[in-house]
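Hello,

Here is the structure we talked about. Please open it alongside this note; the findings follow below.

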Amino acid sequence: MSPGSVALCLLLMQTGVYGFNIELDLEFLINIGFQLISDFFRSKAANQKHEDITQRAILNTTLQACRALALADGKDFTFPSQPFTAKSVAAACRAPKASKRFRQAIEFIQRRNRLVDARHVSDPEYHFDNEKFAEGRRIITGGLAIVKASNKEMNFEAARERLGEITHPLQDFYSHSNWVELGNTLPNTNLIKSGTSIGNIAALGRATCRSCDGDDCTNNILEDIKQENILTSGYFGSSKPAGKCSHGGSFDKSKKIEPTGGINKDKMSSEHGHLHTAAANMAAAATSELLEDIRGAAGDRTFLQMMGISGKALCFAIDTTGSMSDDIAAVRTVTSSIINSKVGTEDEPSLYILVPFNDPDFGPLMRTTDPDKFKNAINSLSATGGGDLPEMSLSGLQLALTGAPPNSEIFLFTDAAAKDSRLLSTVNALIERTKTVVNFMITGGGLFRRRRQIGNDQQQQQSRLSTSDLQLYRDLAQTSGGQSIEVTKSELPEAVSIITESSSSSLVTLLQAARTPGKAENFIFTVDESVKNLTLYITGTSVTFTLISPSGVSQQSTNTTGSLITASQTVGNFKTLKLKSEVGLWEMKMVSTNPYTLKVVGESSIDFLFDFLEASEGLFGGFDVIDHRPRAGSNGTLLLTVTGSTSATVTEVVLVESSGSGNVNGNVTAVGGGDFLVQFSRVPSEEFVVLMRGQNINSSSRSSGTFQRQSTSSIKASTVTVTVDDTNRVFAPGETFSLPFSVKTSGAGGNFTIRATNDRGFTSTFPSSLVLDTGGSANGAVNLTAPVTTTSGTDVTLTIEAESPGGADTNYLVLRLAVLKTVTDFTEPMCELLSLQSNCTENCSLSTWTVSVQVTDGANGTGIDRVSLRQGNGTMNTSLAAGNENITLVSYTASCCSPDVELLVVDGVGNVGTCSYSVRQTSTSSSQAPPQTPTAAPVGSFSTKAFQSFLLCIVITILGLNLPFEMGIN
């Protein structure tokens with residue numbers, strides 16, 4: 001390491017000390033440093049990409065949030081070993097069962113980051129090319145406002161989507177501009193702050209570069225640009241203004257125009273690749289800074305929910321018509337039991353969602369993190385009204401599917417048919433898109449008495465759910481991987497208790513099958529040593545079976561107390577069997593002529609995620625994840641990620657047709673990091689599931705290391721595709737948003753039916769049909785109007801469907817739009833010290849100190865939304881000033897043994913400020929010496945310089961090792 005680097009490191013260590021608690025965060029920063037060292041050694045010859053930078057920042061910031069919560073709760077916190085992974089971070093956060101959701105959240109953010117290159121390759125503002133600094137900053141700050149508003153409304157999927165999109169231009173700034181060449185050693189904090197100066201930007205007519213000396217571009221930026229600290233970036237495309245720098249690289253035609261060459265630092269081989277390491281490190285620090293700002297605005301618990309470090313959501317959709325009083329009473333009882341048994345455990349729900357529905361109404365969706373509020377909402381439900389017999393069950397389910405996090409489990413209670421069956425394809429699309437399990441609890445399957453309130457008289461009428469009514473619910477349950485449980489009202493409490501209490505955050509599916517009509521069939525499944533609480537679910541009537549264990553022991557359905565079945569329960573058409581956990585290959589011989597379903601589940605940390613891919617149409621090629629059904633009949637590519645194990649390898653991936661009529665085996669290639677690329681010669685035309693088999697290398701033997709997992713939700717391929725151009729997808733309350741879309745078919749043409757629905761009930765217009773030629777396409781547009789009363793931060797899920805002539809083939813596109821009021825408040829809240837009183841002595845445990853602070857958000861601010869403790873274990877109280885609601889008064893009292901406090905203050909749009917105060921007692925050698933006067937050190941706004949400085953100091957130290965660290969930004 002050079003003496004200059006040492007001096008710079010020491011200089012950085014002294015920067016921005018005030019207002020930052022080094023003692024509190026030193027362990028965390030040291031661990032970040034070790035993580036960076038580990039990353040360097042692991043990526044000696046590899047380019048560091050957007051995805052890697054994003055993941056490292058997420059892991060580090062998540063650990064910081066978990067550590068802060070642990071310390072606030074008086075608990076110890078232990079950092080995981082290096083390198084950090086989603087699994088190790090989730091375990092350190094005391095949420096090991098959340099590792100799959102955490103990994104999924106990271107991958108979703110990474111994917112949205114990567115899509116910027118595919119969708120905005122020709123938009124320079126998304127890459128800070130062409131000196132588009134103001135425009136690029138607007139993308140970041142506008143997206144940041146959406147992230148904060150979405151988190152405030154607990155719309156975490158929308159927040160993650162926008163977060164991924166803004167991390168890309170933020171990271172590109174350091175690779176595509178000359179920020180690093182100007183000698184800057186810290187990130188440009190003002191990129192995430194509106195109304196501030198990004199820097200001294202070069203005028204359009206000012207020359208910034210000279211031609212490179214052959215292939216040597218290390219000195220192509222003009223000396224006066226560096227001396228005057230002028231900010232510029234490379235131009236990308238086929239032309240540029242005279243004298244300007246080019247981006248460079250193989251796709252940039254402007255690099256051949258004088259001045260030739262380029263200044264990008266995307267990878268080590270780029271024109272300015274000698275500065276790639278510095279640019280990558282600064283991009284990583286800037287991403288951490290962005291995440292810290294989001295964390296401060298949201299609070300630690302909400303931030304962790306956004307990142308998936310949380311339990312599963314508990315989601316009920318309940319029919320509230322007159323005949324459902326018994327059902328609602330059962331739900332009340334079971335809800336209290338579930339919450340009381342799971343609060344404080346790993347399986348405690350992180351989110352509670354309730355959607356009532358009847359006829360003609362449904363909703364509103366109630367979403368809370370408070371179990372008591374959820375119980376109160378359930379208790380306040382009343383069964384009244386109803387009109388005609390069918391109810392708006394699919395409308396309620398649609399609202400629940402869009403309001404719940406992906407991979408949730410929804411329980412729908414009804415005793416009536418779906419009046420809104422027109423939404424069937426929409427609901428199917430949402431189930432496929434969100435991979436959510438839906439369980440139907442039906443108490444109207446047979447003859448029953450249904451009460452209706454008419455005036456002051458109760459009319460009793462006999463009714464029956466027809467076979468087709470029941471089949472609609474059964475089909476939806478099968479598609480989602482759930483159950484359609486049909487019981488009497490008296491049996492409902494037992495059925496609900498069985499299905500909900502067996503739900504676990506670490507539940508995995510080993511096998512699931514449905515047969516309509518029923519037939520005799522043998523099913524096999526592999527149980528590995530990680531699987532606990534092995535359970536079989538069977539729905540259907542007149543079903544018999546023979547269960548055979550790996551050791552050859554068999555047990556008949558007539559004997560439910562044998563050696564293989566440890567417990568069993570039967571309620572209505574629903575049977576559950578608890579099995580002893582024996583490792584190896586099991587066999588289940590099913591016999592019935594009636595429709596039946598079979599599902600085998602257990603608790604395990606090992607599971608998988610998957611997405612179908614298609615060839616990218618972007619400039620840089622590769623693959624993009626598709627947001628719709630894969631193309632039927634053609635070859636297909638799937639990206640599969642194993643979660644919960646760093647040593648597992650995938651040996652087989654099969655597309656299993658749901659009817660049982662056929663399978664398609666894939667060709668599996670490991671691509672590193674637990675990811676596997678699977679290629680199929682064809683994608684089945686009928687509904688199918690994904691079955692994975694593999695080996696867990698750490699197992700004691702090869703046979704015991706074999707594992708099997710299956711996707712819960714089914715997938716259906718299509719010859720139709722629905723696409724939209726990437727747009728801002730943000731509109732204000734009272735505005736109409738127009739979204740153009742295209743429909744394309746690889747099959748026969750004709751008149752295609754178009755449907756567009758949204759979960760908020762916003763007024764919309766769209767063409768009811770489009771005419772397509774064979775193998776052709778057509779365009780349309782959806783116009784959506786948000787009422788003026790719409791809450792800022794509301795997300796709208798828009799589903800666009802195209803159905804082929806005759807209805808045999810359908811595809812969809814599910815989009816999230818954001819409704820956001822224009823943000824004009826960009827200033828941080830400020831603190832004013834009113835008083836600081838102390839009676840601190842050398843014996844700190846016998847004395848206390850108190851500080852009083854006045855917090856405001858300025859004359860044009862949005863007001864104080866939240867004040868919390870970032871440091872300090874004393875008692876804080878807040879109140880509004882008498883006669884002035886724009887002023888918040890804060891009082892804090894603590895033991896003199898805890899002499900420091902840091903308040904975190906957030907305003908209505910998520911601007912974050914902090915203020916720190918300290919009382920110190922100077923020690924003396926004489927017991928007779930008078931006490932010293934306490935001092936206060938207020939800080940009005942949050943400074944990230946200390947964090948940046950320590951982080952980059954470690955990075956600079958590593959640079960002395962001369963290890964390549966590449967961004968590989970396309």
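**The largest cavity**

The largest cavity has 16 lining residues, and those nearest its centre are E432, K435, I626, H628 and Y812. This is a predicted model, so please read everything here as computed. The volume of the largest cavity is about 200 Å³. Two elements give two or more residues to its lining: α14 (424-434) and β20 (607-615). Of the elements, β20 gives the most, with three residues. Across the whole structure, the search finds six cavities of 30 Å³ or more. Rolling a probe the size of a water molecule over the atoms shows where empty space is left.

**Aromatic rings**

How many aromatic pairs are there? The count comes to 17. A pair of aromatic rings is described by the distance of the centres and the angle of the planes.

Start with F128. Its ring and that of F133 have centres 6.1 Å apart and planes at 35°, so the pair is tilted. Both F128 and F133 are buried.

F128 also pairs with F173, and this pair is edge-to-face. The centres are 5.2 Å apart, with 80° between the planes. The pair links distant parts of the chain. F128 sits in the loop between α5 (99-119) and α6 (133-152), while F173 is in helix α7 (residues 156-176). The two are 45 residues apart. F173 is buried, as is F128.

Which residues make up the cluster here? F128, F133, F173, Y174 and W179 form one aromatic cluster.

**Confidence**

The protein chain has a mean pLDDT of 84, and 86% of its residues reach 70 or more. Where is confidence lowest, and where highest? The lowest is in helix α1 (residues 3-13), at a mean of 34. The highest is in strand β2 (residues 230-231), at 98.

Two stretches call for care. Residues 446-463 have a pLDDT below 50. That stretch has 43 contacts in the model beyond near neighbours in sequence. Residues 921-970 are also below 50. Their stretch has 142 contacts in the model, again beyond near neighbours in sequence. Where pLDDT is low, the predicted coordinates should not be read in detail.

Best wishes

Definitions and conventions:
Residues numbered from 1 in each chain as written. Predicted model: local features only at pLDDT ≥ 70, side-chain atom pairs only at ≥ 80, totals over all residues. Heavy atoms only, no water. pLDDT = per-residue confidence, 0-100. Helix = DSSP H or I, 4+ residues; strand = E, 2+ residues; numbered from the N terminus. Contact = heavy atoms within 4.5 Å. Phe/Tyr/Trp six-rings, centres within 6.5 Å; stacked < 30°, edge-to-face > 60°. Buried < 20%, exposed > 50% of the residue type's maximum accessible area, 1.4 Å probe, protein only. 1 Å grid on protein atoms, 1.4 Å probe; cavity = no way out; pocket = protein on both sides within 12 Å on 5 of 7 lines; lining within 4 Å. Points joined across faces, edges and corners; volume = space filled by probe spheres on them.
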